[in-house]
Amino acid sequence: MKVAAPPRRGREILRFLAGGASTTAVSYAVYLLLLARLPYVAAYSIAYAVGIAWSYFANTWFVFRERASVSRALAFPLVYAVQYLVGSLLLFALVDGLHVPAAFGPLLVVVLTLPLTYVLSRRIIVRSR
């Protein structure tokens, strides 16, 4: 029996998940490298900024298959600003409202904010056709 290939958007979402995994890996690797020479807050901040840049290019070229542009690159950090705000509210609701253990809350936040991150990333990166 032949299994049908996922539709175009399904493949795009799979690439989005792979791009997100690569962003996490790159950010963490940069953090660990910098941690040997810098205080952890500085290492985290630099690694976070590197992660945003990596995510922009991974999403632009690999996920959505678009050309990079300065205007979209400058707008892209808004995705992370919104994700942070929504994630903070969700974390508060999960931990204080639903009594989810604080150690597990951020993992749920990542899963719950994935659709928002995908939609916002797509809206910023994909050119109107």
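**Close-up views of the predicted model**

**View 1. Surroundings of T23.** Not counting residues up to four places away in sequence, T23 touches G51, W54, S55 and Y80. The model shown here and in the following views is predicted. T23 belongs to helix α1, which spans residues 8-35. Its relative accessibility is 9%, and because buried means under 20%, T23 counts as buried.

**View 2. The largest nonpolar core.** Eleven residues make up the largest nonpolar core: F16, I52, Y56, V63, F64, F76, V79, Y80, Y118, I125 and V126. Two or more of these residues come from each of the elements α2 (40-63), α4 (77-97) and α5 (105-125). The largest share, three residues, is supplied by α2. In soluble globular proteins, nonpolar side chains tend to be buried together.

View 3. With neighbours within four places in sequence left aside, I52 is in contact with F76, P77 and Y80.

**View 4. A nonpolar patch on the surface.** The residues I13, L14, L17, V110 and L114 form a nonpolar patch on the surface, and together they have about 410 Å² of accessible area. Helices α1 and α5 each supply at least two residues of the patch, and the largest share, three residues, comes from α1.

**View 5. L17 within the patch.** L17, one of the residues of the nonpolar patch, is found in helix α1.

Key
Residues are numbered from 1 along each chain as its sequence is written. This is a predicted model: local features need pLDDT of at least 70, side-chain atom pairs count only at pLDDT 80 or more; totals for chains, interfaces and linings use all residues. Side-chain values use heavy atoms; hydrogens and water are left out. A nonpolar core is a set of buried Ala, Val, Leu, Ile, Met, Phe, Trp, Tyr and Cys residues joined through side-chain atoms within 4.5 Å. Buried means under 20% relative accessible area, exposed over 50%, partly exposed in between (1.4 Å probe, protein chains only). Helices (H or I, at least four residues) and strands (E, at least two) are DSSP runs, numbered from the N terminus. Contact means heavy atoms within 4.5 Å. Patches are made of residues with over 30% relative accessible area and no salt bridge: like charges are joined within 9 Å, nonpolar side chains (Val, Leu, Ile, Met, Phe, Trp, Tyr) within 5 Å. Accessible areas come from the Shrake-Rupley method with a 1.4 Å probe; for residues, only the protein chains shown count as cover. A salt bridge is a side-chain nitrogen of Lys or Arg within 4 Å of a carboxyl oxygen of Asp or Glu.
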